[in-house]
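Colleague: Could you take me through the ligand site of this model, and then through the aromatic rings and a few buried residues? Please spell out your cut-offs as you go.

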Amino acid sequence: MTRYEHLAREYGTPLYVYDLDEVEKARDQLLGSLPEEFHLFYALKANPHPELVRALRGDGTAKGCRPEISSTGELASVLEAGFDGSEVMYTGPGKTFEELREAMSLGVRMFSTDSVTDVQHVGQVAGELGVTAQVLLRVNSASASATTSIRMTGTPSQFGFDSETLGEVLPDVRAVSHVDIVGFHFFPLSNARDEDSLIAEFQGTIALAAQLQAELDLPLKFLDIGGGFTVPYAVPGPRGTYPKLRVELGAALDTHFPGWRENGPQLACESGRYLIGASGTLLAGVSNVKVSRGRKFVILDAGINTFGGMSGLGRLLPVAVQPDEGAEAVDQASLVGPLCTPGDILGREIKLPALQAGDVVTIPNAGAYGPTASLLMFLGRPAPTEVVVRGDEVVSVSRIEHVRSYSQVSADRP
Ligand SMILES: *Cc1c(COP(=O)(O)O)cnc(C)c1O
């Protein structure tokens, strides 16, 4: 029996297995691809599991990541993982006053902002609490260069200040008290196709940051140039490699920010999927196999309620699962989930070994955008169990619970 079969037997399916050794490898690989002065933020959106966040934080012996969050739920994971609020970058276009209060009360000071009113909200709460918030202006640049499946810039958007009108609104931003405008945040793309296009995007971003700094007379202390680092999504294959990136980033920064290594700005990149994608494996049980009009359907106990459910929104890659089977692929079938919707398809007409009810399918590279990016509550099945291992040792076993909790309804309600 393989290690995965053992785990599936012990904990049942669907089961996520995350390997912390693999998390640390990805962290060290990406940090090693960047100039050593860079900070690397981990976007918890990709997977907020506190054990993974803890592994990315590191134990002080090696350089670790800092957390990038967008909710107080993610903040709870970050604090559970041992981070201090002061290490956090808080992003997102819809920060509420309640969230800002909670975040600042728990020590968060750095906020990426998307509009003048967003900066005003941050300043208002900072003022209430008697603190100063460090504000990054997220920039939605007018043009962009890399090829990617997911682009977040260059078009009208809830994200960021439009680069071409930033100068016009800057006086209003500068008028906000209790905030210190420390720099820019760019996140133009996700999952860049290859290293050359990623480098081209970063070069464009660095040039634009320098241009905006000069035009707006805004001294930058901090510059987050975004991400786009790639890893396969639920199909076999290795993480992207970036052998030229370190030198190319250094060169672009030397050109546009001479002396940056000594005098700043502090540079940062960010990633979600790259850091944890390969650490995760999804084990799904085969509930049934059926043939319809000559086509075979392998029905799993994990569908879009467990994995990739957000794909339909176009913000994730389409689900196109390819299991990592030792056995030879002899069959062609569709891998579908258990939900009562024809949309519950993980893989259409793919090559598979001969499968029958009771077998376990192993889906690789499933560590990012898994349970929390899925339709977890749709059709009311329990969430998958998540096991964290380090090599052969099981570190933690958990499952997200969703329960309806009732509030007291007063009798004299209208
Ligand atoms: C989603 C997101 C990320 C992470 O994207 P990946 O493709 O998982 O690396 C990083 N930063 C921001 C601002 C994001 O919205």
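How far does a polar side-chain atom of Arg-273 lie from an oxygen atom of the ligand?

Modeller: Happy to. This is a predicted model, so local features need pLDDT of at least 70 and side-chain atom pairs count only at pLDDT 80 or more, while totals for chains, interfaces and linings use all residues. Residues are numbered from 1 along each chain as its sequence is written, and side-chain values use heavy atoms, with hydrogens and water left out.

To your question: the distance from a polar side-chain atom of Arg-273 to an oxygen atom of the ligand is 2.7 Å. On its own the ligand would expose 390 Å², and the protein buries 94% of that; these areas come from the Shrake-Rupley method with a 1.4 Å probe, and for residues only the protein chains shown count as cover. A ligand oxygen is 2.9 Å from an N or O atom in the side chain of Lys-45, and a ligand nitrogen is 2.4 Å from an N or O atom in the side chain of Glu-270. A polar contact here is a pair of N or O atoms within 3.5 Å; within protein, one must be able to donate a hydrogen and the other to accept it, and residues adjacent in sequence count only if both atoms are side-chain atoms.

The residues around the ligand are Ala-43, Lys-45, Glu-68, Arg-138, Phe-187, Ser-190, Glu-270, Ser-271, Gly-272, Arg-273 and Tyr-369, where a residue is near if one of its heavy atoms lies within 4 Å. By class, five of this shell are charged, three polar and three nonpolar. Ala, Val, Leu, Ile, Met, Phe, Trp, Tyr, Cys and Pro count as nonpolar, Asp, Glu, Lys and Arg as charged, and the others, Gly among them, as polar.

Now the rings. Rings of Phe, Tyr and Trp (its six-membered ring) pair if their centres lie within 6.5 Å; planes under 30 degrees apart count as stacked, over 60 as edge-to-face and the rest as tilted. That rule gives 10 aromatic pairs. One of them joins Phe-184 and Phe-186 edge-to-face, 6.2 Å centre to centre with 80 degrees between the planes. Both of these residues are buried, a word that means under 20% relative accessible area, with exposed over 50% and partly exposed in between (1.4 Å probe, protein chains only).

Another pair, Phe-202 with Phe-229, is tilted, with centres 6.0 Å apart and planes at 45 degrees. It links distant parts of the chain, 27 residues apart: Phe-202 sits in helix H8 (residues 195-216), and Phe-229 in the loop between strand S11 (222-224) and helix H9 (245-256). Helices (H or I, at least four residues) and strands (E, at least two) are DSSP runs, numbered from the N terminus.

The side chain of Ser-197 makes a polar contact with that of Asp-194, at 2.7 Å.

Arg-66, in strand S3 (residues 66-69), counts as buried because its relative accessible area is 17%. Ser-77, in helix H4 (residues 72-80), counts as buried because its value is 10%.
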